[in-house]
Amino acid sequence: MLSRKRGRPLGVGVQLPEVEREVRWPEVRDIARAAEAVGFDSIWVGDHLLYRFADGSARGPWEAWTQLAAIAASTERVLLGPLVAATAFHAPAMLAKMAATVDEVSGGRLVLGLGAGWNETEFRAFGFPFDHRVGRFEEAFTIVRTLLRDGRIDHAGRFFEARDSELLPRPARPGGPPLLVGSVGARMLRITMPHVDAWNAWFADTDNSPTGVGRLRDVVDDACRDVGRDPGDVERTVAVMVRLPGGSGRIMGDETERQQVEPLEGPPEAIAAELRAYADAGIGHVQLVLDPITLASIEALAPVLEILDRP
(Lines give C-alpha, C1' and ligand atoms only; values in the text may rest on other atoms or scores of the structure.)
Protein backbone atom coordinates (compact mmCIF):
# COMPACT_ATOMS: atom_id res chain seq x y z
CA MET A 1 0.00 0.00 0.00
CA LEU A 2 1.25 3.50 -0.83
CA SER A 3 1.77 5.38 2.41
CA ARG A 4 -0.80 7.87 3.67
CA LYS A 5 -1.44 9.81 6.85
CA ARG A 6 -2.56 7.49 9.63
CA GLY A 7 -6.36 7.35 9.88
CA ARG A 8 -6.95 8.95 6.47
CA PRO A 9 -9.42 6.90 4.37
CA LEU A 10 -7.20 7.15 1.28
CA GLY A 11 -3.96 8.76 0.25
CA VAL A 12 -4.30 12.17 -1.40
CA GLY A 13 -1.71 13.45 -3.85
CA VAL A 14 -1.48 16.33 -6.29
CA GLN A 15 -0.14 16.63 -9.83
CA LEU A 16 2.22 19.57 -10.30
CA PRO A 17 1.88 22.05 -13.21
CA GLU A 18 2.55 20.74 -16.68
CA VAL A 19 1.51 22.96 -19.64
CA GLU A 20 -1.30 25.04 -18.15
CA ARG A 21 1.09 27.97 -18.18
CA GLU A 22 4.85 28.39 -18.10
CA VAL A 23 5.86 27.72 -14.50
CA ARG A 24 9.48 28.29 -13.50
CA TRP A 25 11.33 26.16 -10.97
CA PRO A 26 10.99 28.48 -7.94
CA GLU A 27 7.20 28.30 -8.22
CA VAL A 28 7.24 24.54 -8.80
CA ARG A 29 9.37 24.15 -5.68
CA ASP A 30 7.07 26.39 -3.64
CA ILE A 31 3.98 24.44 -4.74
CA ALA A 32 5.65 21.14 -3.85
CA ARG A 33 6.73 22.37 -0.43
CA ALA A 34 3.27 23.81 0.24
CA ALA A 35 1.66 20.49 -0.68
CA GLU A 36 3.85 18.74 1.87
CA ALA A 37 3.20 21.41 4.49
CA VAL A 38 -0.61 21.30 4.25
CA GLY A 39 -0.64 17.50 4.50
CA PHE A 40 -0.78 15.96 1.04
CA ASP A 41 0.53 12.40 0.91
CA SER A 42 2.16 12.50 -2.52
CA ILE A 43 3.36 14.72 -5.38
CA TRP A 44 3.30 13.67 -9.04
CA VAL A 45 4.67 14.99 -12.32
CA GLY A 46 3.66 14.08 -15.85
CA ASP A 47 6.32 12.64 -18.15
CA HIS A 48 5.81 14.47 -21.43
CA LEU A 49 8.01 16.45 -23.79
CA LEU A 50 5.91 18.39 -26.31
CA TYR A 51 2.26 19.06 -27.13
CA ARG A 52 0.95 20.61 -30.34
CA PHE A 53 -2.62 21.89 -30.48
CA ALA A 54 -5.23 22.23 -33.19
CA ASP A 55 -4.78 26.02 -33.34
CA GLY A 56 -1.13 25.59 -34.31
CA SER A 57 0.32 26.46 -30.91
CA ALA A 58 2.73 24.27 -28.97
CA ARG A 59 3.64 23.83 -25.31
CA GLY A 60 6.14 21.69 -23.47
CA PRO A 61 6.64 20.77 -19.80
CA TRP A 62 9.93 20.51 -17.95
CA GLU A 63 11.69 17.14 -18.06
CA ALA A 64 10.15 14.86 -15.45
CA TRP A 65 13.14 13.08 -13.91
CA THR A 66 15.16 16.25 -13.42
CA GLN A 67 12.15 17.76 -11.65
CA LEU A 68 11.68 14.67 -9.49
CA ALA A 69 15.29 14.79 -8.29
CA ALA A 70 14.93 18.48 -7.43
CA ILE A 71 11.59 17.92 -5.66
CA ALA A 72 13.08 15.00 -3.75
CA ALA A 73 15.84 17.27 -2.46
CA SER A 74 13.32 20.04 -1.63
CA THR A 75 10.90 17.91 0.43
CA GLU A 76 11.18 15.50 3.34
CA ARG A 77 8.04 13.40 3.76
CA VAL A 78 5.77 13.13 0.71
CA LEU A 79 5.85 10.29 -1.78
CA LEU A 80 6.77 11.39 -5.28
CA GLY A 81 6.70 9.88 -8.73
CA PRO A 82 6.01 10.20 -12.42
CA LEU A 83 2.39 9.84 -13.48
CA VAL A 84 3.52 7.98 -15.45
CA ALA A 85 7.01 7.62 -16.94
CA ALA A 86 7.05 6.63 -20.61
CA THR A 87 9.47 3.73 -20.89
CA ALA A 88 10.14 4.75 -24.52
CA PHE A 89 11.90 7.97 -23.54
CA HIS A 90 15.01 6.31 -22.09
CA ALA A 91 17.02 3.16 -22.56
CA PRO A 92 15.46 0.77 -20.00
CA ALA A 93 18.64 0.21 -17.99
CA MET A 94 19.15 3.97 -17.83
CA LEU A 95 15.56 4.42 -16.60
CA ALA A 96 16.27 1.95 -13.80
CA LYS A 97 19.44 3.89 -12.96
CA MET A 98 17.52 7.19 -12.79
CA ALA A 99 14.79 5.66 -10.64
CA ALA A 100 17.34 4.24 -8.21
CA THR A 101 19.04 7.63 -7.99
CA VAL A 102 15.82 9.55 -7.30
CA ASP A 103 14.85 6.93 -4.73
CA GLU A 104 18.19 7.55 -3.03
CA VAL A 105 17.87 11.35 -3.12
CA SER A 106 14.35 11.11 -1.68
CA GLY A 107 15.31 8.71 1.09
CA GLY A 108 13.11 5.95 -0.33
CA ARG A 109 10.01 7.95 -1.28
CA LEU A 110 9.77 7.23 -5.02
CA VAL A 111 6.79 5.45 -6.56
CA LEU A 112 7.83 4.36 -10.05
CA GLY A 113 4.84 4.88 -12.33
CA LEU A 114 5.35 3.37 -15.78
CA GLY A 115 3.44 3.37 -19.05
CA ALA A 116 3.93 3.00 -22.79
CA GLY A 117 3.18 6.62 -23.76
CA TRP A 118 0.50 7.82 -26.17
CA ASN A 119 1.40 11.21 -27.67
CA GLU A 120 2.83 10.55 -31.14
CA THR A 121 3.85 14.20 -31.56
CA GLU A 122 6.53 14.03 -28.89
CA PHE A 123 7.76 10.61 -29.98
CA ARG A 124 8.40 11.94 -33.48
CA ALA A 125 9.82 15.28 -32.37
CA PHE A 126 12.35 13.70 -30.00
CA GLY A 127 13.22 10.71 -32.16
CA PHE A 128 11.57 7.84 -30.28
CA PRO A 129 9.91 5.01 -32.25
CA PHE A 130 6.13 4.98 -31.98
CA ASP A 131 5.54 1.51 -33.43
CA HIS A 132 5.10 -1.63 -31.31
CA ARG A 133 4.64 0.50 -28.19
CA VAL A 134 3.30 -2.32 -26.00
CA GLY A 135 5.89 -4.79 -27.22
CA ARG A 136 8.62 -2.27 -26.52
CA PHE A 137 7.09 -1.55 -23.12
CA GLU A 138 7.08 -5.26 -22.22
CA GLU A 139 10.80 -5.60 -22.84
CA ALA A 140 11.62 -2.32 -21.13
CA PHE A 141 9.47 -3.23 -18.13
CA THR A 142 11.31 -6.54 -17.79
CA ILE A 143 14.69 -4.81 -17.78
CA VAL A 144 13.67 -2.01 -15.40
CA ARG A 145 11.96 -4.15 -12.78
CA THR A 146 14.64 -6.86 -12.87
CA LEU A 147 17.48 -4.40 -12.39
CA LEU A 148 15.68 -2.66 -9.53
CA ARG A 149 14.70 -5.92 -7.86
CA ASP A 150 17.70 -8.16 -8.50
CA GLY A 151 20.47 -5.71 -9.40
CA ARG A 152 21.49 -7.37 -12.65
CA ILE A 153 20.14 -8.70 -15.95
CA ASP A 154 21.47 -10.12 -19.20
CA HIS A 155 18.86 -9.38 -21.85
CA ALA A 156 18.94 -9.49 -25.64
CA GLY A 157 15.49 -8.90 -27.08
CA ARG A 158 13.79 -7.70 -30.22
CA PHE A 159 13.87 -4.05 -29.19
CA PHE A 160 16.39 -3.66 -26.36
CA GLU A 161 19.64 -5.08 -25.10
CA ALA A 162 21.11 -4.93 -21.61
CA ARG A 163 24.02 -7.33 -21.74
CA ASP A 164 25.55 -8.24 -18.39
CA SER A 165 23.93 -5.11 -16.96
CA GLU A 166 24.34 -4.35 -13.27
CA LEU A 167 22.72 -1.64 -11.14
CA LEU A 168 25.15 -0.13 -8.63
CA PRO A 169 24.74 1.37 -6.10
CA ARG A 170 21.60 -0.53 -5.21
CA PRO A 171 18.34 1.39 -4.58
CA ALA A 172 17.60 2.83 -1.15
CA ARG A 173 15.09 0.04 -0.49
CA PRO A 174 15.66 -3.69 -1.00
CA GLY A 175 13.86 -4.64 -4.18
CA GLY A 176 13.64 -1.04 -5.34
CA PRO A 177 10.73 1.41 -5.27
CA PRO A 178 7.11 0.26 -5.59
CA LEU A 179 5.91 -0.07 -9.19
CA LEU A 180 2.71 1.48 -10.51
CA VAL A 181 1.27 0.95 -13.98
CA GLY A 182 -0.84 3.59 -15.69
CA SER A 183 -3.04 1.74 -18.15
CA VAL A 184 -6.48 0.20 -18.59
CA GLY A 185 -5.49 -1.86 -21.63
CA ALA A 186 -5.93 -5.63 -21.41
CA ARG A 187 -2.50 -6.44 -22.81
CA MET A 188 -0.73 -3.92 -20.56
CA LEU A 189 -2.53 -5.31 -17.51
CA ARG A 190 -1.57 -8.86 -18.45
CA ILE A 191 2.09 -7.83 -18.70
CA THR A 192 2.22 -5.86 -15.47
CA MET A 193 -0.19 -7.43 -12.99
CA PRO A 194 2.23 -10.19 -11.92
CA HIS A 195 4.70 -7.55 -10.77
CA VAL A 196 3.25 -4.12 -9.90
CA ASP A 197 2.26 -2.81 -6.49
CA ALA A 198 -0.34 -0.31 -7.73
CA TRP A 199 -2.46 0.62 -10.74
CA ASN A 200 -3.63 4.02 -11.96
CA ALA A 201 -6.40 5.31 -14.20
CA TRP A 202 -6.79 8.85 -15.52
CA PHE A 203 -9.89 10.83 -14.53
CA ALA A 204 -11.41 10.47 -17.99
CA ASP A 205 -11.41 6.67 -17.59
CA THR A 206 -13.73 6.93 -14.58
CA ASP A 207 -15.75 9.89 -15.92
CA ASN A 208 -14.22 11.69 -12.94
CA SER A 209 -16.65 9.99 -10.59
CA PRO A 210 -16.54 7.26 -7.94
CA THR A 211 -19.39 5.58 -9.79
CA GLY A 212 -17.01 4.99 -12.69
CA VAL A 213 -14.54 3.03 -10.60
CA GLY A 214 -16.40 -0.29 -10.39
CA ARG A 215 -16.04 -1.31 -14.03
CA LEU A 216 -12.31 -0.64 -14.06
CA ARG A 217 -11.83 -2.27 -10.66
CA ASP A 218 -13.39 -5.44 -12.05
CA VAL A 219 -11.10 -5.33 -15.09
CA VAL A 220 -8.03 -5.13 -12.85
CA ASP A 221 -9.39 -7.85 -10.55
CA ASP A 222 -9.87 -10.17 -13.51
CA ALA A 223 -6.39 -9.38 -14.85
CA CYS A 224 -4.90 -10.26 -11.46
CA ARG A 225 -6.76 -13.56 -11.28
CA ASP A 226 -5.75 -14.42 -14.85
CA VAL A 227 -2.08 -14.29 -13.84
CA GLY A 228 -2.57 -15.97 -10.45
CA ARG A 229 -2.35 -12.77 -8.39
CA ASP A 230 -4.55 -11.89 -5.43
CA PRO A 231 -6.41 -8.71 -6.51
CA GLY A 232 -5.99 -7.36 -2.99
CA ASP A 233 -2.23 -7.19 -3.53
CA VAL A 234 -2.54 -4.36 -6.08
CA GLU A 235 -3.52 -0.94 -4.79
CA ARG A 236 -5.98 1.05 -6.95
CA THR A 237 -5.31 4.72 -7.64
CA VAL A 238 -7.11 7.23 -9.85
CA ALA A 239 -6.60 10.83 -10.91
CA VAL A 240 -9.42 13.23 -10.01
CA MET A 241 -10.01 16.59 -11.69
CA VAL A 242 -10.85 19.29 -9.11
CA ARG A 243 -11.91 22.83 -9.98
CA LEU A 244 -11.28 25.59 -7.44
CA PRO A 245 -12.13 29.30 -7.52
CA GLY A 246 -10.44 30.88 -10.53
CA GLY A 247 -10.48 27.68 -12.56
CA SER A 248 -11.54 27.96 -16.17
CA GLY A 249 -10.60 24.59 -17.61
CA ARG A 250 -7.15 23.06 -17.19
CA ILE A 251 -5.17 22.88 -20.42
CA MET A 252 -4.22 19.30 -21.20
CA GLY A 253 -2.03 17.74 -23.84
CA ASP A 254 -4.91 15.50 -24.91
CA GLU A 255 -7.60 17.64 -26.57
CA THR A 256 -9.91 14.74 -27.33
CA GLU A 257 -13.40 14.30 -25.95
CA ARG A 258 -12.11 11.86 -23.32
CA GLN A 259 -10.79 14.83 -21.36
CA GLN A 260 -14.18 16.56 -21.26
CA VAL A 261 -15.50 15.61 -17.84
CA GLU A 262 -17.34 17.41 -15.09
CA PRO A 263 -14.77 18.54 -12.51
CA LEU A 264 -15.24 17.92 -8.82
CA GLU A 265 -15.94 21.27 -7.17
CA GLY A 266 -17.71 22.81 -4.21
CA PRO A 267 -17.00 23.61 -0.56
CA PRO A 268 -14.41 21.54 1.35
CA GLU A 269 -17.12 19.32 2.84
CA ALA A 270 -18.38 18.35 -0.62
CA ILE A 271 -14.92 17.62 -1.99
CA ALA A 272 -14.01 15.57 1.08
CA ALA A 273 -17.26 13.59 0.80
CA GLU A 274 -16.52 12.75 -2.84
CA LEU A 275 -13.00 11.60 -1.97
CA ARG A 276 -14.43 9.37 0.77
CA ALA A 277 -16.71 7.89 -1.90
CA TYR A 278 -13.62 6.96 -3.91
CA ALA A 279 -12.26 5.18 -0.84
CA ASP A 280 -15.56 3.35 -0.44
CA ALA A 281 -15.25 2.26 -4.09
CA GLY A 282 -11.92 0.59 -3.33
CA ILE A 283 -9.48 3.36 -4.27
CA GLY A 284 -6.45 3.61 -2.01
CA HIS A 285 -4.89 6.78 -3.41
CA VAL A 286 -6.00 9.71 -5.58
CA GLN A 287 -3.93 12.20 -7.55
CA LEU A 288 -5.73 15.54 -7.71
CA VAL A 289 -5.46 17.43 -10.98
CA LEU A 290 -6.22 21.01 -9.96
CA ASP A 291 -7.76 23.81 -11.98
CA PRO A 292 -6.05 26.19 -11.46
CA ILE A 293 -2.81 24.62 -10.29
CA THR A 294 -1.35 27.36 -8.09
CA LEU A 295 0.04 27.83 -4.61
CA ALA A 296 -3.31 29.32 -3.58
CA SER A 297 -5.13 26.20 -4.80
CA ILE A 298 -2.87 23.96 -2.73
CA GLU A 299 -3.53 26.03 0.37
CA ALA A 300 -7.29 26.10 -0.34
CA LEU A 301 -7.39 22.30 -0.08
CA ALA A 302 -6.00 22.20 3.46
CA PRO A 303 -9.55 22.15 4.94
CA VAL A 304 -10.42 19.15 2.74
CA LEU A 305 -7.52 17.19 4.19
CA GLU A 306 -8.49 18.22 7.70
CA ILE A 307 -12.03 16.94 7.15
CA LEU A 308 -10.74 13.64 5.76
CA ASP A 309 -8.62 13.17 8.87
CA ARG A 310 -11.54 13.43 11.25
CA PRO A 311 -12.69 10.12 12.76
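**Loops, sheet and helices**

Mentor: Pro169 sits in the loop between strand 9 (161–166) and strand 10. Keep in mind that this is a predicted model.

Trainee: Which residue joins Pro169 through a cis peptide bond?
Mentor: Leu168 does, and omega is about -5°.

Trainee: What is the peptide bond from Leu83 to Val84 like, cis or trans?
Mentor: Cis, with omega near -15°. Val84 is in the loop between strand 5 and strand 6.

Trainee: And Ala85, where is that found?
Mentor: In strand 6.

Trainee: Is Ala85 buried or exposed?
Mentor: Buried, because its relative accessible area is 0%, and the cut-off for buried is under 20%.

Trainee: What does Ala85 touch?
Mentor: Leaving out residues up to four places away in sequence, Ala85 touches Asp47, Trp65, Gly113, Leu114 and Gly115. Ala70 is 15 residues from Ala85 along the chain, and their C-alpha atoms are 16 Å apart.

Trainee: How many bridges pair strand 2 and strand 5?
Mentor: Four, in the parallel sense, with strand 2 covering residues 42–45. Val45 stands opposite Pro82 in strand 5.

Trainee: Now strand 11. Which of its residues are buried on each side?
Mentor: Strand 11 covers residues 198–201, and both of its faces are covered. Ala198 and Asn200 are buried on one side, Trp199 and Ala201 on the other.

Trainee: How many bridges join strand 10 to strand 11?
Mentor: Three, and the two strands run parallel. Val181 is opposite Trp199 in strand 11. The chain gets from strand 10 to strand 11 through helix 6 (residues 186–192), in a right-handed β-α-β crossover.

Trainee: And how do strand 11 and strand 12 pair?
Mentor: In the parallel sense over four bridges, with strand 12 at residues 235–243. Ala201 has Val238 in strand 12 as its bridge partner. Helix 7 (residues 213–226) carries the chain from strand 11 to strand 12, and this β-α-β crossover is right-handed.

Trainee: How far does helix 1 reach?
Mentor: Helix 1 has 14 residues and reaches 20 Å from its first C-alpha to its last, close to the 20 Å expected.

Trainee: Which residues of helix 1 are buried?
Mentor: Val28, Ile31, Ala32, Ala34, Ala35 and Glu36. The cover over them includes strand 1, strand 2, helix 2 (64–74) and helix 9 (295–300). Gly39 follows helix 1, with a positive phi near 115°.

Trainee: Where does Glu20 lie?
Mentor: In the loop between strand 1 (11–15) and helix 1 (25–38). Glu20 is buried, at a relative accessible area of 15%. Its side chain reaches the backbone nitrogen of Glu18 at 2.7 Å. Beyond neighbours within four places in sequence, Glu20 is in contact with Arg59, Arg250, Ile251 and Ile293.

Trainee: Next, His155. Buried or exposed?
Mentor: Buried, with a relative accessible area of 15%. His155 is in strand 8 (residues 152–156).

Trainee: What does the side chain of His155 join in a polar contact?
Mentor: The side chain of Glu139, at 3.2 Å. With residues up to four places away not counted, His155 touches Ile143 and Phe160, among others.

Trainee: Last one. Which way does phi go at Asp164, positive or negative?
Mentor: Positive, near 50°, in a residue other than glycine. Asp164 is in strand 9, and counts as exposed at 58% relative accessibility.

Trainee: And phi of Asp207, what is that near?
Mentor: Near 60°, also a positive value in a residue other than glycine. Asp207 lies in the loop between strand 11 and helix 7. Asp207 is exposed, with a relative accessible area of 59%.

Terms used:
Residues are numbered from 1 along each chain as its sequence is written. This is a predicted model: local features need pLDDT of at least 70, side-chain atom pairs count only at pLDDT 80 or more; totals for chains, interfaces and linings use all residues. Side-chain values use heavy atoms; hydrogens and water are left out. Buried means under 20% relative accessible area, exposed over 50%, partly exposed in between (1.4 Å probe, protein chains only). A polar contact is a pair of N or O atoms within 3.5 Å; within protein, one must be able to donate a hydrogen and the other to accept it, and residues adjacent in sequence count only if both atoms are side-chain atoms. Contact means heavy atoms within 4.5 Å. Two strands pair if DSSP finds at least two bridges between them. The expected span of a helix is 1.5 Å times one less than its number of residues. A crossover is right-handed if, with the strands pointing away from the viewer, the path from the first strand over the helix to the second runs clockwise.
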